[in-house]
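Hi everyone, thanks for coming. Let's take a look at today's model together.

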Amino acid sequence: RIGLAKDLPRATELWTEAADLGSIEALYFIGNAYAFGEGVEQDEAKAAEFHTKAALQGDVESRIKLGCHEAFLGNHNRALGQFLISANGAQ
């Protein structure tokens, strides 16, 4: 193996610091960490919380994740709304 060993809990700590400093991308990655349980305990509600924070700041990928989350919950109209917002550039 070349490079450093994966340390997902430490990565999540660093993303949290970056998010506290205003990084929208870090919010997205924290959301993904919670969605997939990578470095933190899996928690769909927290994943949606962080993706919402990023989406409200214009992150298109987070809007797509929120659309998938809503679809999974059976909220198809809300999912469609998220997908339409993402298609329009997350405005």
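Okay, so we get three salt bridges here, where a salt bridge means a side-chain nitrogen of Lys or Arg within 4 Å of a carboxyl oxygen of Asp or Glu. Quick caution: this is a predicted model, where local features need pLDDT of at least 70, side-chain atom pairs count only at pLDDT 80 or more, and totals for chains, interfaces and linings use all residues. Residues are numbered from 1 along each chain as its sequence is written, and side-chain values use heavy atoms, with hydrogens and water left out.

Start with Arg10 and Glu13: their closest N and O atoms are 3.1 Å apart. Both sit in helix H1, residues 8–20, three residues apart, about one turn of the helix. Helices, by the way, are DSSP runs of H or I with at least four residues, numbered from the N terminus.

Next, Lys53 pairs with Glu49 at 3.6 Å, N to O. These two are in helix H3, residues 44–55, and lie four residues apart, again about one turn.

Then there's Arg78 with Glu70, at 3.6 Å, N to O. Is Glu70 buried or exposed? Glu70 is buried, at 11% relative accessible area, while Arg78 is exposed at 55%. The cut-offs: buried is under 20%, exposed is over 50%, and partly exposed is in between, with a 1.4 Å probe and protein chains only.

Lastly, helix contacts. Tyr28, Asn32 and Phe36 in H2 meet Glu61, Ser62 and Lys65 in H4, contact being heavy atoms within 4.5 Å.
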